[in-house]
Amino acid sequence: MSIGKFIVIEGIEGAGKSSAIEVVKKVLEEYNLEYISTREPGGTKLAESLRDIVKSADHCETVTQETELLLMYAARSQLLANRILPALNEGKWVIGDRHDLSSKAYQGGGRQFDDKVMDLIAEVTLKGFKPDLTLYLDISPEQGLSRAQARGELDRIEQEKIEFFHRVRDKYCQIAASDSSIITINAGEEMPVVHENIRQQFSMFIKSTLENN
Ligand code: TMP
């Protein structure tokens, strides 16, 4: 039985997460490794309901920053217990479209929650659990948001001002620089170049994982 790993794709809106995930899936298939894919917030029935609440721009009352923070972690707790951990225990690989680093970047960086608050809530929810590899797709907010805008209507978070996304990106970069399990991919390059970088980095990770087992 193979040893499953948790691989996360991160980045601001318009960074190209969806097509990056397709590259990761293809590489796993080339190695005949079984996988599931998830997204955050979401990935279980209850967590998907929380996703709808958190993304909707049509609430008749303000969604407070505290509500947003707690909903992200509530959704993560459901996903971890009901999908991620069971799949890893069965030896499957798990591809995550976002995980805890998103909260650190959006709520910690964007909303400016204190690091101590962020660490505590992560500890309560995740109890030390962390991805084996994160591919962070780095792109300027200007470039990313223009791609997101071209896709259509913006959700509640996507409607934030550009300064918000600068704080999010700064936090992503700051954390990525101090954590060797996070690989930064320049997502501002042409798509084929970005995808080739992802393929190379991820293939290297798989090879070293298989060699060590
Ligand atoms: P997306 O998956 O389509 O990018 O939408 C998820 C949105 O939720 C995106 O704007 C980022 C945001 N988000 C947070 O603010 N904190 C989190 O912890 C997560 C997982 C997502």
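Helix H4 gives the most to the shell around the ligand, with 4 residues. Helices (H or I, at least four residues) and strands (E, at least two) are DSSP runs, numbered from the N terminus. This is a predicted model, where local features need pLDDT of at least 70, side-chain atom pairs count only at pLDDT 80 or more, and totals for chains, interfaces and linings use all residues. Residues are numbered from 1 along each chain as its sequence is written, and side-chain values use heavy atoms, with hydrogens and water left out.

**Ligand shell**

- Around the ligand stand 14 residues, of which Glu13, Lys55, Arg76, Ser103 and Gln107 come nearest. A residue is near a molecule or strand if one of its heavy atoms lies within 4 Å of it.
- Helix H2 (45–55), helix H3 (65–89) and helix H4 (100–110) each supply at least two residues of this shell.
- By class, the shell has 7 charged, 4 nonpolar and 3 polar residues. Ala, Val, Leu, Ile, Met, Phe, Trp, Tyr, Cys and Pro count as nonpolar, Asp, Glu, Lys and Arg as charged, and the others, Gly among them, as polar.

**Polar contacts and burial**

- A polar contact is a pair of N or O atoms within 3.5 Å; within protein, one must be able to donate a hydrogen and the other to accept it, and residues adjacent in sequence count only if both atoms are side-chain atoms.
- A polar side-chain atom of Ser103 lies 2.5 Å from a ligand oxygen atom.
- For Arg98, an N or O atom of the side chain is 3.0 Å from an oxygen atom of the ligand.
- For Lys17, the corresponding distance from a side-chain N or O atom to a ligand oxygen atom is 3.4 Å.
- The ligand taken alone exposes 470 Å², and the protein buries 93% of that. Accessible areas come from the Shrake-Rupley method with a 1.4 Å probe; for residues, only the protein chains shown count as cover.

**Largest pocket**

- The ligand sits in the largest pocket: more than half of its atoms lie within 2 Å of the grid points.
- On a 1 Å grid over the protein atoms alone, a pocket is an open set of points where a 1.4 Å probe fits, with protein on both sides within 12 Å along at least five of seven lines; lining residues have an atom within 4 Å of a point.
- The largest pocket holds about 680 Å³ of space. Of its 33 lining residues, Glu13, Lys17, Lys55, Arg98 and Glu158 are the closest to its centre.
- Helix H1 (17–30), H2, H3, H4 and helix H6 (141–151) each give two or more residues to the lining.
- H4 gives the most here, with 4 residues.
- The lining has 14 charged, 10 nonpolar and 9 polar residues.

**Second largest pocket**

- About 440 Å³ of space lies in the second largest pocket. Its lining has 24 residues, with Asp100, Lys104, Lys130, Ile175 and Asp179 closest to the centre.
- Helix H5 (115–126) is one of the elements giving two or more residues to this lining. H5 supplies the largest share, 6 residues.

**Backbone**

- The peptide bond from Glu40 to Pro41 is cis, with omega near -10 degrees. Pro41 lies in the loop between strand S2 (35–39) and H2.
- Asn32, in the loop between H1 and S2, has a positive phi near 55 degrees.

Conventions:
Grid points are joined across faces, edges and corners, and a volume is the space filled by probe spheres set on the points.
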